[in-house]
Amino acid sequence: MPVVVVVGAQWGDEGKGKVVDLYAERADMVVRYGGGANAGHTLVIGGDKVVTHLVPSGILHQRVKCVLGDGMVIDPTTLLEEIAALRARGLCGDGQLLISSRAHVILDYHRWLEAVREEQKGAIGTTRRGIGPAYESKAARRGVRVGDLGRPARLRELVAQNLDEITPLLLAAGRPAPGRAEIDRVIDGALAAGEKLAPMIGDAGRLVDRAIAGGENVLFEGAQGTLLDIDHGTYPFVTSSSTIAGGACTGVGVGPTRIDRVIGISKAYCTRVGGGPFPTEMEEATAEAWRHAGQEFGATTGRPRRCGWLDAAALRLAVRVNGLDGIALTKLDVVRGRGPVKVCVGYRLDGATLDEPPADGEDLLRAEPEYIELPGWDVESRGARTIDDLPAAARTYMSTLERLIGAPMWLVSVGADRADTILLRDPFAG
Ligand code: IMP
């Protein structure tokens, strides 16, 4: 019956895939509400690894309906590849996946434009999946929507209009203007993808609303993380969508009163990919050890992730802007054997103490984190199935975090396997 939103509480890559997979066992429907193929989950299917960028990991549970919501930006080629990879393994059967006709489409010219931007001053180290330019087209009201893939005349007109605007930018950056053959390839590719996807395209918002009204357990799966949110993140080093819990309402088409619970996912330390302020970033030698212990390499781009100490001040912002009921703490096992651990409790800036990251990026770059240091632990915690199985220092680490951010733990992950999880509170319990 409950409607649960799961959001990243940091800079993305918090381990949402595993938590969504676990919660999906109790869900009837899993819905993505924002972003696109900039996200990535590595799914293990019968010993095989499959990386999905668009399809929610709930797809592994055959009775769970999966929905790509209105607020997403969808690259039809990537989506078709994912569907094919899942179907080759007997997953993603007919009727299991619904794609919103209102979601926007990423086409080649979005990636061309992004490649140009990422070579210019002001580059932020994006995933180069065309995400930002697709949201630009949407905000400029020139976007191609999934529903347009079945309307050839409108699609041609929109593509021509977009290329008229983008071509001078490509030329100014020394790139060739797309020729007729290339333009036809973009349009024909989009139309062909539209034909294949047609049986899965529909009114996602109404479907989700009906499921909620019918008492189903619905899980909204956030992408990226709170600090990459276009409004509340470390602007301009952010993604282009509303990653926070409120984004679930705008990105699906359900009202805020429908949402019962919001769970924030946080790693037991911090990582960030791409540029931008990262106050608790470790010095490289320490980061390197944590990166290898935590296998911190991007699922989408393979980039090594920057590593840092847990930032309770940043998590306080996540608790506030998402209205978090609880935290799912992941990768606690990675902390083992790494010596004493630091936790940032606030920042000093111009003589003042801040308990949340400041709004301005340059202020955040100048802010000095204030740390407390807690004892680490050497005892293996992977087999832990209750809190009492954890070493005392790990329990202290968690209770200190709860106290610092004002939100309780609902789940603790102590290893990559599903079984390596301590479920403290079930978000779907009445
Ligand atoms: P974009 O979303 O590709 O436009 O990238 C904007 C910023 O968000 C860059 O710093 C990316 O590295 C970051 N980013 C986007 N998606 C993810 C994600 O799923 N995990 C972590 N970082 C991400």
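Lys331 lies in the loop between strand S15 (326-330) and strand S16 (341-349), and since this is a predicted model, what follows describes computed features. The phi angle of Lys331 is near 60°, a positive value in a residue other than glycine. With a relative accessibility of 24%, Lys331 counts as partly exposed, because buried means under 20% relative accessible area and exposed means over 50%.

Another residue with a positive phi is Gln224, where the angle is near 55° although the residue is not glycine. Gln224 belongs to the loop between strand S10 (218-221) and helix H8 (246-252), and with a relative accessible area of 9% Gln224 is buried. The loop between S10 and H8 is also the place of Pro236, which is joined to Tyr235 by a cis peptide bond with omega at about 5°.

Gln224 leads on to the ligand, for a polar side-chain atom of Gln224 lies 3.3 Å from a nitrogen atom of the ligand. A polar side-chain atom of Asp13 lies 3.0 Å from a nitrogen atom of the ligand, while an N or O atom in the side chain of Thr127 is 2.5 Å from an oxygen atom of the ligand. Taken alone, the ligand exposes 470 Å², of which the protein buries 96%. There are 15 residues around the ligand, and Asp13, Asn38, Thr127, Thr239 and Arg303 come nearest; by class, this shell has six nonpolar, seven polar and two charged residues.

The largest nonpolar core has 58 residues, of which Val208, Phe220, Leu332 and Tyr397 touch the most other members. Helix H12 (residues 392-405) gives the most to this core, contributing seven residues. If neighbours within four places in sequence are left aside, Tyr397 is in contact with Ala268, Leu310, Leu332, Val335, Val341, Val343, Leu374 and Trp377. A second, separate core is made up of 57 residues, including Met72, Leu97, Ala190 and Trp410.

The last stop is a group of helices. In helix H3 (residues 108-118), the buried residues are Tyr109, His110, Leu113, Glu114, Ala115, Val116 and Glu118, and the buried residues of H3 pack against strand S8 (104-105), helix H4 (131-139), H5 and helix H6 (180-197). Helix H5 (residues 152-172) is where Thr167 is found, and Thr167 counts as buried because its relative accessibility is 17%. Not counting residues up to four places away in sequence, Thr167 touches Ala177 and Pro178.

Technical notes:
Residues are numbered from 1 along each chain as its sequence is written. This is a predicted model: local features need pLDDT of at least 70, side-chain atom pairs count only at pLDDT 80 or more; totals for chains, interfaces and linings use all residues. Side-chain values use heavy atoms; hydrogens and water are left out. A nonpolar core is a set of buried Ala, Val, Leu, Ile, Met, Phe, Trp, Tyr and Cys residues joined through side-chain atoms within 4.5 Å. Buried means under 20% relative accessible area, exposed over 50%, partly exposed in between (1.4 Å probe, protein chains only). Helices (H or I, at least four residues) and strands (E, at least two) are DSSP runs, numbered from the N terminus. Contact means heavy atoms within 4.5 Å. A residue is near a molecule or strand if one of its heavy atoms lies within 4 Å of it. A polar contact is a pair of N or O atoms within 3.5 Å; within protein, one must be able to donate a hydrogen and the other to accept it, and residues adjacent in sequence count only if both atoms are side-chain atoms. Accessible areas come from the Shrake-Rupley method with a 1.4 Å probe; for residues, only the protein chains shown count as cover. Ala, Val, Leu, Ile, Met, Phe, Trp, Tyr, Cys and Pro count as nonpolar, Asp, Glu, Lys and Arg as charged, and the others, Gly among them, as polar.
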